Amino acid sequence: MRKIVLLDGKTLGKLNFDLLKEFGDVKYYDTTKPEEVIERIKDANIILTNKVLLNESNLKEAKNLELICETATGFNNIDVVYAKNNGIAVTNVAGYSTNTVAQHTFATVLALYDKISYYDNFVKSGQYAKSGLFTDVTKPFYELEGKTWGIIGLGAIGKRVAKIAEAFGVNIIYYSTSGKNNNSEYNQVSFDELLCKSDIISIHAPLNDKTNGLINYSAISKMKKSAILINMGRGPIVVESDLAKAIENNVIAGAALDVFEVEPMKSENPLINIKNKENLILTPHIAWASVEARERLFVEILKNIKAFYNGEIRGRVEL
């Protein structure tokens with residue numbers, strides 16, 4: 001019987017992992033430390049992993065390994081060159097989280113734009129009850145209508161964000177980090193032009209040599225003082241220490257991050273103890289993780305495994 005090992009199932013939440021039993025004997029682990037990998041995968045035919053690092057040093061001990069299933073889109077935690085050279089197939093899943101990442105983008109934008117944190121606290125703290133007024137306009141907020149929304153990375157998620165944003169009456173511009181993405185529906189601009197013109201900037205780009213550290217203090221300083229920055233791409237695209245400094249100095253109006261340079265973020269991260277906390281929203285890499293998205297992801301993983309053993313190429317990571 002095939003042996004299937006799920007190394008970090010806790011990252012996927014509550015799903016019906018019993019469905020994996022169709023393919024063999026399943027060993028489930030909530031999390032796996034680096035020093036535990038070899039022992040856990042040594043007899044495996046199939047490995048499922050989200051963030052556990054699989055490289056030559058541990059994969060060479062897995063003599064029976066046939067298939068590695070990345071339970072996400074990004075597969076930089078897997079040494080795909082070693083896998084290919086040793087006849088190990090690698091699959092991933094793309095497109096499952098487009099809707100939920102776009103939704104989370106708007107959840108954070110609207111929370112920042114409407115000053116939800118401040119006004120929620122104003123009511124819950126009892127200040128509203130004591131105010132003597134039916135309303136409070138201490139913190140000015142503005143409409144999205146007529147604003148310019150700059151998108152960095154106009155892939156599937158970026159396009160979905162653009163479509164939804166249009167319903168709010170915003171003007172869409174975008175910057176292609178690769179220089180290869182041309183879209184006739186929207187106005188492509190240079191990076192500097194996007195920084196200068198945008199009222200909202202949202203990042204939906206992959207991490208690579210061109211995007212690593214792209215949003216530093218110099219870049220942020222070119223943004224409008226009233227602008228907000230949203231990162232739903234990859235953490236290292238934004239230099240967090242520079243962003244913290246910019247928020248504290250009111251260089252921009254606010255920011256929201258769902259991804260970080262190091263995950264989980266370190267306790268000494270400058271964003272945690274920042275002043276002007278109401279101008280910053282931080283969520284723990286959950287934009288992808290609606291119930292529906294996780295269920296779609298798992299269904300696709302099952303299909304990838306079934307296809308592999310039927311001799312079909314599906315969801316295959318190719319070099």
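The legends below describe close-up views of a predicted model.

Residues are numbered from 1 along each chain as its sequence is written, and side-chain values use heavy atoms, with hydrogens and water left out. Local features need pLDDT of at least 70 and side-chain atom pairs count only at pLDDT 80 or more, while totals for chains, interfaces and linings use all residues.

**View 1. The whole protein.** The protein holds 11 helices and 12 strands. Helices (H or I, at least four residues) and strands (E, at least two) are DSSP runs, numbered from the N terminus. The C-alpha trace spans about 70 × 45 × 35 Å along its principal axes. Of the 319 residues, 46% are buried. Buried means under 20% relative accessible area, exposed over 50%, and partly exposed in between (1.4 Å probe, protein chains only). Among contacts between residues at least 6 apart in sequence, 62% join residues at least 24 apart; contact means heavy atoms within 4.5 Å.

**View 2. The largest nonpolar core and Trp149.** A nonpolar core is a set of buried Ala, Val, Leu, Ile, Met, Phe, Trp, Tyr and Cys residues joined through side-chain atoms within 4.5 Å. The largest has 45 residues, and Leu48, Trp149 and Ile305 touch the most other members. Apart from it lies another core, of 31 residues, which includes Ile152, Phe191, Ala205 and Val251. In soluble globular proteins, nonpolar side chains tend to be buried together. Leaving aside neighbours within four places in sequence, the contacts of Trp149 include Phe106, Val109, Val161, Ile173 and Ile200.

**View 3. Helix H4.** This helix runs over residues 98-113. At 1.5 Å a residue, the 16 residues of H4 should span 22 Å, and the end C-alpha atoms are 23 Å apart, which agrees. The expected span is 1.5 Å times one less than the number of residues in the helix. Because 12 of its 16 residues are buried, H4 is largely enclosed by the rest of the structure. Among the buried residues of H4 are Thr98, His104, Phe106, Val109 and Tyr113. Just after H4, Lys115 has a positive phi of about 55°.

**View 4. Helix H11.** H11 (residues 291-309) has 19 residues and reaches 28 Å from its first C-alpha to its last, close to the 27 Å expected at 1.5 Å a residue. Its buried residues include Arg294, Leu297, Phe298, Asn304 and Ile305. The buried residues of H11 pack against strands E3 (46-49), E4 (67-70) and E5 (89-91), and against H4. Just after H11, Gly311 takes a positive phi of about 75°.

View 5. On a 1 Å grid over the protein atoms alone, a cavity is a set of points where a 1.4 Å probe fits but cannot get out, and a pocket is an open set with protein on both sides within 12 Å along at least five of seven lines; lining residues have an atom within 4 Å of a point. Grid points are joined across faces, edges and corners, and a volume is the space filled by probe spheres set on the points. The whole structure has 1 cavity of 30 Å³ or more, and the space in the largest cavity is about 30 Å³. Its lining consists of Ala111, Leu112, Lys115, Ile116, Ser117, Tyr118, Glu278 and Ile281. The largest share, 3 residues, comes from H5. The lining divides into 5 nonpolar, 1 polar and 2 charged residues. Here Ala, Val, Leu, Ile, Met, Phe, Trp, Tyr, Cys and Pro count as nonpolar, Asp, Glu, Lys and Arg as charged, and the others, Gly among them, as polar.

**View 6. The second largest pocket.** This pocket has a volume of about 410 Å³. It is lined by 17 residues, of which Lys115, Pro140, Tyr142, Ser226 and Ala253 lie nearest its centre. The lining residues are 7 nonpolar, 4 polar and 6 charged.

**View 7. Backbone features in two loops.** Most residues other than glycine have a negative phi, and most peptide bonds are trans. Asn250 has a positive phi of about 55° and is found in the loop between helix H10 (240-248) and E11. With a relative accessibility of 36%, Asn250 counts as partly exposed. Asn276 lies in the loop between E11 and E12, and its phi is near 60°. Pro264 is in the loop between strand E11 (254-257) and strand E12 (280-282). A cis peptide bond joins Glu263 and Pro264, with omega about -5°.
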